[in-house]
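Look at the structure first, then read on.

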Amino acid sequence: MCSSDLGDTGLERVRSLGSGSLSGFEFGGASLREVDLKNVTWQQGTIRALRAERAGLTALDVRSVEFTGCELGSLRWSRGKLARTRFDACKLLGARFADLTTSSVVFTGCKLDYAVFDQVRASGPVLFVRCSLREAVFTGCNLAGCLFDECDLSAAEFGPGHYRGCDLRGNDLSAISGAHHLKNIVLDQVQALQLAEALVAELGVTFPGG
């Protein structure tokens, strides 16, 4: 692993994310054709403006890391853990997150259109704030206690899973699918009508003479 001197942030600037373990690091400004990492541990770091045409991340242990302004094409992130981690203004179109355990993870201002969240387990709160999640799919996830705030959920699909206490206030739910799976969630009163509208569309109900 190559590295330079400590920067103004007090984090060690590294030239490669490499393999093994990184702690107290800063990496950024790279444009790569492909990122393929397995069995890596990242702790207390910052990854800025990383751009990759393809990204495969497997069995990573990520703790207290901030991703800022990253663009990861065809991201496939499977297995591993994410804790106390933040994604800010990242472009992760069509990303697939599978078999991940998450705790205290925040997505802010991210583009996650067409993303798939498969078997993602939130052992602590996960927040989506002002994110675009158009046509995103959630299947087999445990999102109990999570929060979506001011997100675009147009045509988002919520499959079977656990949603108790998931806070969906502040979002338009009229165009989602899988409304019948959203049991024990938290809503504003006006959203009950939106959820009913989504369910009616999903069931193909018609109103003769209407």
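Q: How far is the sulfur of C131 from the closest cysteine sulfur?
A: A disulfide is a covalent bond between the sulfur atoms of two cysteines. Here it is counted when a pair of cysteine sulfur atoms lies within 2.5 Å. The closest cysteine sulfur to that of C131 is in C110, too far for a bond, at 4.7 Å.

Q: How many disulfides does the count come to?
A: This is a predicted model, in which local features need pLDDT of at least 70 and side-chain atom pairs count only at pLDDT 80 or more, while totals for chains, interfaces and linings use all residues. Residues are numbered from 1 along each chain as its sequence is written, and side-chain values use heavy atoms, with hydrogens and water left out. The sulfur of C151 has its closest cysteine sulfur in C131, at 4.9 Å, so this pair is too far apart for a bond. By the rule, the number of disulfides is 0.

Q: Is C151 buried or exposed?
A: Buried means under 20% relative accessible area, exposed over 50%, and partly exposed in between, with a 1.4 Å probe and protein chains only. The relative accessibility of C151 is 7%, so C151 counts as buried.

Q: Which side chain makes a polar contact with the side chain of D118?
A: D118 sits in strand 11, residues 116-118 (strands are DSSP runs of E, at least two residues, numbered from the N terminus). A polar contact is a pair of N or O atoms within 3.5 Å; within protein, one must be able to donate a hydrogen and the other to accept it, and residues adjacent in sequence count only if both atoms are side-chain atoms. At 3.1 Å, the partner of D118 is R96.

Q: Where is L153 placed?
A: L153 has a relative accessible area of 2%, so it is buried. Leaving aside neighbours within four places in sequence, its contacts (heavy atoms within 4.5 Å) include L133, F148 and L168. Its place is the loop between strand 16 (147-149) and strand 17 (157-158).

Q: How many nonpolar residues are in the lining of the second largest cavity?
A: The lining consists of L17, V35, W42, L50, A55, L57, F67 and L72. Strand 6 (residues 51-68) gives the largest share, 3 residues. Ala, Val, Leu, Ile, Met, Phe, Trp, Tyr, Cys and Pro count as nonpolar, Asp, Glu, Lys and Arg as charged, and the others, Gly among them, as polar. With no polar and no charged residues, the nonpolar number is 8.

Note on methods:
Helix = DSSP H or I, 4+ residues; strand = E, 2+ residues; numbered from the N terminus. 1 Å grid on protein atoms, 1.4 Å probe; cavity = no way out; pocket = protein on both sides within 12 Å on 5 of 7 lines; lining within 4 Å.
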